[in-house]
Structure formats: C-alpha cells, structure tokens
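Here's a quick tour to read alongside the picture. Keep the sequence and the 3D view open as you go.

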Amino acid sequence: MRLRRLIFLILGCICLGLGCVGIVLPILPTVPFFLVTVFCFANSSQKLHDWFVGTKMYQKHLESFVQKKGMTVQTKVGIIVPVTLLMGFGFFMMMRAEILVPSIILAVVWVCHIIYFVFGVKTRKPNKETAATAAKESE
C-alpha cells in the first residue's frame, strides 16, 4: 500500500513539474500534466490533492474543465497551437522519411484532438476575475 502511494506521489511531482514548465514553454502542454497531477495526488495523499486544487495554477488552467464548465478560447488555443506545432513537426519529419502508416495515425490523432477541443469541450467566456488576472499577467 505504501509503495503504491509513493509511486503516485513521485509521478504527481514529476507531472506537476512538467506542467509548470509547460506554463513557460509553449512546447509542453500544461493541462494534461496537471490532470495527471490531480489524479496522482488524489491517490497518494488527500493533503496534497487539497493543496494542489487550491493553487492558482489549478484554478486558472483546470478548475472549469474539471467541473465540466468548459474552457476559455484562450485556454483552448493555448493547448491546440503547441500540440499542432509538435504534431506537425513529427508529421513533416515522418513524411520526409517516407514513413506513411505512422504519419497517417498521427494525422488521425491530430484531427481527433482538434474535433474534441472544438466540439467536445464547451467554450466559456472568462469571468471578470479571470480576465483581470490575465490582463495583469500580460503586462
């Protein structure tokens, strides 16, 4: 039992670190890492889970998504653009090397990703608090 909690704790910390790096680097997607962090922390320690759910990072990037309210256009674009760039680069490199089957699979995954975020995730307007915080951060 303790080993399982330790593994979830380590995985949660790694994903938290990668998610934080993803805030700064557009190459790494933030939301998936934070989702895995929530899952891992919930399975390792209730204290850690409660702490992470209370952070500004979680509230800004995930809270509305987890509560099934949707994401703002800015958040969706912040996810779609880096993923598209990375997948496009991979697709380009595989096509250059004439690797067709993985290229087709990657293209299908990308299309599913776009369809999910455009049609599957509700788009919501940012509330006044979120808009004010975003304006302060962009200055």
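**Starting from one valine**

Val83 has its place in helix α6, and with 15% relative accessibility it counts as buried, because the cut-off for buried is under 20%. Keep in mind that you're looking at a predicted model. Let's zoom out from that valine, then work through the rest by topic.

**The overall layout**

- The protein has 139 residues, and buried ones make up 28% of them.
- Its secondary structure comes to 8 helices and 0 strands, so if you walk along the sequence you read α-α-α-α-α-α-α-α.
- Take the contacts between residues at least 6 apart in sequence: 60% of them join residues at least 24 apart.

**Two helices side by side: α6 and α7**

- Helix α7 covers residues 100–120, and its axis comes within 9 Å of the axis of α6.
- How do these two helices run relative to each other, roughly parallel or roughly antiparallel? Their axes cross at roughly 170°, and angles over 145 degrees count as roughly antiparallel, so α6 and α7 are roughly antiparallel to each other.
- On the α6 side, the residues that meet α7 include Ile79, Ile80, Val83, Met87, Phe91 and Met94.
- On the α7 side, the partners include Leu106, Val109, Trp110, His113, Ile114 and Phe117.
- Between α6 and α7 there's a loop, and Glu98 sits in it. Its phi is near 60°, a positive value in a residue other than glycine.
- Glu98 has a relative accessible area of 67%, so it is exposed.

**The nonpolar core**

- The largest nonpolar core has 13 residues, and the ones with the most contacts inside it are Phe52, Leu62, Met71 and Phe117.
- Which elements give two or more residues to this core? They are α2 (30–44) and α6 (73–96), and α2 gives the most, with 4 residues.
- Look at Leu62 up close: setting aside residues up to four places away in sequence, it touches Val31, Phe34, Leu35, Val38 and Met57.

**Aromatic rings**

- Searching the whole structure turns up 6 aromatic pairs.
- One of them is Phe34 with Phe52, an edge-to-face pair at 5.5 Å centre to centre, with 65° between the planes.
- Phe34 lies in helix α2 and Phe52 in helix α3 (residues 46–53), so this pair ties together parts that are 18 residues apart in sequence.
- Both Phe34 and Phe52 are buried; for Phe52 the relative accessible area is 0%.
- Phe52 also pairs with Trp51, this time in a tilted arrangement: 6.3 Å centre to centre and 50° between the planes.
- Is Trp51 buried or partly exposed? Its relative accessibility is 46%, so it counts as partly exposed.
- Step back and you'll find ring pairs linking Phe34, Phe41, Trp51, Phe52 and Tyr58 into a cluster.

**Cysteines**

- A disulfide is a covalent bond between the sulfur atoms of two cysteines.
- How many disulfides are there here? The count comes to 0.
- Take Cys15: the nearest cysteine sulfur belongs to Cys40 and is 5.5 Å away. The cut-off for a disulfide is within 2.5 Å, so Cys15 is in no disulfide.
- Cys15 has a relative accessible area of 8%, so it is buried.
- Cys112, with 47% relative accessibility, counts as partly exposed.

**A threonine in a loop**

- Thr72 is found in the loop between α5 (63–66) and α6.
- Where does Thr72 fall, buried or exposed? Its relative accessibility is 7%, so Thr72 counts as buried.
- If you leave aside its neighbours within four places in sequence, Thr72 is in contact with Arg124, Lys125 and Pro126.

Key:
Residues are numbered from 1 along each chain as its sequence is written. This is a predicted model: local features need pLDDT of at least 70, side-chain atom pairs count only at pLDDT 80 or more; totals for chains, interfaces and linings use all residues. Side-chain values use heavy atoms; hydrogens and water are left out. A nonpolar core is a set of buried Ala, Val, Leu, Ile, Met, Phe, Trp, Tyr and Cys residues joined through side-chain atoms within 4.5 Å. Buried means under 20% relative accessible area, exposed over 50%, partly exposed in between (1.4 Å probe, protein chains only). Contact means heavy atoms within 4.5 Å. Rings of Phe, Tyr and Trp (its six-membered ring) pair if their centres lie within 6.5 Å; planes under 30 degrees apart count as stacked, over 60 as edge-to-face and the rest as tilted. Axes are lines fitted to C-alpha atoms, for helices over the stretch in contact, and angles run from 0 to 180 degrees between N-to-C directions. Angles under 35 degrees count as roughly parallel, over 145 as roughly antiparallel, 65 to 115 as roughly perpendicular and the rest as oblique.
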